[in-house]
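Dear colleague,

Please find the structure below for your records. My notes on what was found in it follow directly.

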Amino acid sequence: MKLLIFTLLCALVGISSKTTHKPSTTTTKKLVCEGVHVRGNLHKQRVLMSGINRPYQLAIYTHEHQIFFSYNVGEDTQDTFGIAYVKPNDTMPTPVHGVKNGFALAVDEHNKKAFFGGSDGIYEADLTKFEGVKHIVKHRDIWDMFYHHHHLYFIEYPSQHLHKYNVKDKTISAHEHIKEKIYQFAIDGENDVFITTKNGLFEIKNGTNATISYTGPIIFRAAEVNHKGEAHFCAKNGIYVPHKENKTLIEIASIKNTFGLAFDTEDNIIYSDPHRIIKLLPHDCK
């Protein structure tokens with residue numbers, strides 16, 4: 001189904017000694033602070049779930065601290081995906097059944113709904129009771145999704161073209177101005193649009209149609225907006241935010257092999273790597 005993702009992802013001792021001297025009666029232990037620096041501040045890594053085969057996209061339902069993710073349910077060489085979720089204190093993920101080759105995710109926090117995209121369309125789930133999924137868009141292979149103001153934006157595979165699903169009137173339309181083949185799509189708190197293509201990251205200012213290129217990484221795996229409305233992008237070896245004035249990307253965290261990205265209610269970063277889902281929490285290390 002999505003052989004393109006493999007192309008994108010491929011762009012991807014201690015020393016001991018002996019002494020014959022009499023050991024000192026006093027020893028000094030050097031405190032080693034381990035973790036990840038986010039915007040220059042140390043954060044510890046809390047593993048929320050491990051043992052997952054390549055968890056790609058993430059979406060969080062903050063009311064229940066429920067993290068949805070897509071992952072590879074077959075062998076590494078196979079192109080078979082599924083969707084599952086984890087909640088606090090879970091020891092194993094819970095699969096979401098009924099979505100064929102589930103790969104794309106989006107959550108409508110206000111209306112308590114989740115959307116799952118697969119190889120045969122888009123499904124909707126009521127998160128207040130979660131009694132199954134409803135097939136709302138058929139006969140489309142979904143690459144990525146982004147929910148914003150009663151509209152579900154989705155990228156169709158293999159065309160990589162952007163479409164918009166009106167959740168209220170159940171209609172679908174091709175995006176009027178974005179004609180490029182894109183990989184990720186996001187709208188930030190200022191209603192500025194960000195898209196990623198094979199050539200990198202581009203911004204479309206609110207009320208305009210022109211694309212503005214950004215300097216920085218070219219290949220991205222995820223685009224997400226936090227609760228403050230700031231767009232974030234996962235590249236090959238780090239997480240970036242846009243500097244809108246000079247059109248460059250600023251690395252806020254150096255992390256290798258990040259796949260998916262989400263934010264909890266306090267805007268702590270949640271990300272996935274090839275086998276884990278991890279939350280970054282501020283750490284004083286005293």
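Cys-33 is partly exposed, with a relative accessible area of 39%, whereas Cys-285 is buried at 14% (buried means under 20% relative accessible area, exposed over 50%, partly exposed in between, with a 1.4 Å probe and protein chains only). A disulfide, that is, a pair of cysteine sulfur atoms within 2.5 Å, joins Cys-33 to Cys-285 with an S to S distance of 2.0 Å. Cys-33 lies in the loop between α1 (4-10) and β1 (36-38) and Cys-285 in the segment after β25, so the bond ties together parts that are 252 residues apart in sequence. The torsion about the S-S bond is about -95°, so the disulfide is left-handed. A search of the whole structure finds one disulfide. Cys-234 is buried, at 0% relative accessibility.

This is a predicted model, in which local features need pLDDT of at least 70, side-chain atom pairs count only at pLDDT 80 or more, and totals for chains, interfaces and linings use all residues. Residues are numbered from 1 along each chain as its sequence is written, and side-chain values use heavy atoms, with hydrogens and water left out.

The chain has one helix and 25 strands (DSSP runs numbered from the N terminus: helices H or I, at least four residues; strands E, at least two). Strand β25 (residues 276-282) has five of its seven residues buried, so it is largely enclosed by the rest of the structure. Seven bridges join β25 to the antiparallel strand β2 (residues 41-50), where Val-47 is the bridge partner of Ile-278. A hairpin through three residues joins β24 to β25.

With kind regards

Terms used. Pairing = 2+ DSSP bridges.
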